Amino acid sequence: MSETSKIFLSSHTIELRVPSEKDVQDKWTNWYNSQDKTRFNSHGVFPLSPEEELRIVTKKMKDPTTILLAIYEKNTDRLIGNACLQNINLLYRHCNIALTIGESAPFTAGVETFALLLDHAFMRLNLIRVHDSTHEKLLNFVKMIGVLGFEYEGRAKQYYIQDGERYDAIYFAVLAE
């Protein structure tokens, strides 16, 4: 992993870059240890050291079925999150998409990130489907990415348990067509 982040994809307000060790050790570990930032995902359950986070990211970067990128704001050059296409299946032509916004950023940063990743998935990887799931409390985000063609596909009942409450997982997907 290089020390300088290289731009891989770029849009109006964000750049998706190859993550550097500094990105991972300075920011990502804090995000994934934060109970607030991980409230609606599977991170933040076990404590994570910077060395362990770097090991996880290094392993993902070597995985040929994963594209993991750091999200930077163009105008400030500030690292705000990370995103990836994972479980890329070139035989059945689909993958999962994932996003973490760890710093304060416009809500549209996530949509822009998804748009860049979708374009790459459909136009460069020649996939036909991109899908994933999220916590039911993030249903507004799922509705917002509807502008990119994502559609609600269903629920997994009582998928998460947090603070003694049970929550559903929301499934969403978009097809290349």
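Strand S2 pairs with strand S3 (residues 67–73) in the antiparallel sense over 4 bridges; strands, like helices, are DSSP runs numbered from the N terminus (E, at least two residues, for strands; H or I, at least four, for helices), and two strands pair if DSSP finds at least two bridges between them. In this pairing, Ile14 stands opposite Glu73 in S3. The model is predicted: local features need pLDDT of at least 70 and side-chain atom pairs count only at pLDDT 80 or more, whereas totals for chains, interfaces and linings use all residues. Residues are numbered from 1 along each chain as its sequence is written, and side-chain values use heavy atoms, without hydrogens and water.

S2 is also joined to strand S1 (residues 7–10), by 3 bridges in an antiparallel arrangement. Ser10 has Glu15 as its bridge partner in S2, and 3 residues lie between the two strands of this hairpin. In a regular strand the side chains alternate between the two faces of the sheet. Both faces of S2 (residues 14–17) are covered, with Ile14 and Leu16 buried on one side and Glu15 and Arg17 buried on the other; buried means under 20% relative accessible area, exposed over 50%, and partly exposed in between (1.4 Å probe, protein chains only).

The open sheet has 8 strands in the order S1-S2-S3-S4-S5-S6-S8-S7, with mixed pairing. Its edge strands, S1 and S7 (151–162), each pair on one side only. Strand S4 (residues 79–89) pairs with strand S5 (residues 94–101) in the antiparallel sense over 7 bridges, and Asn82 stands opposite Thr100 in S5.
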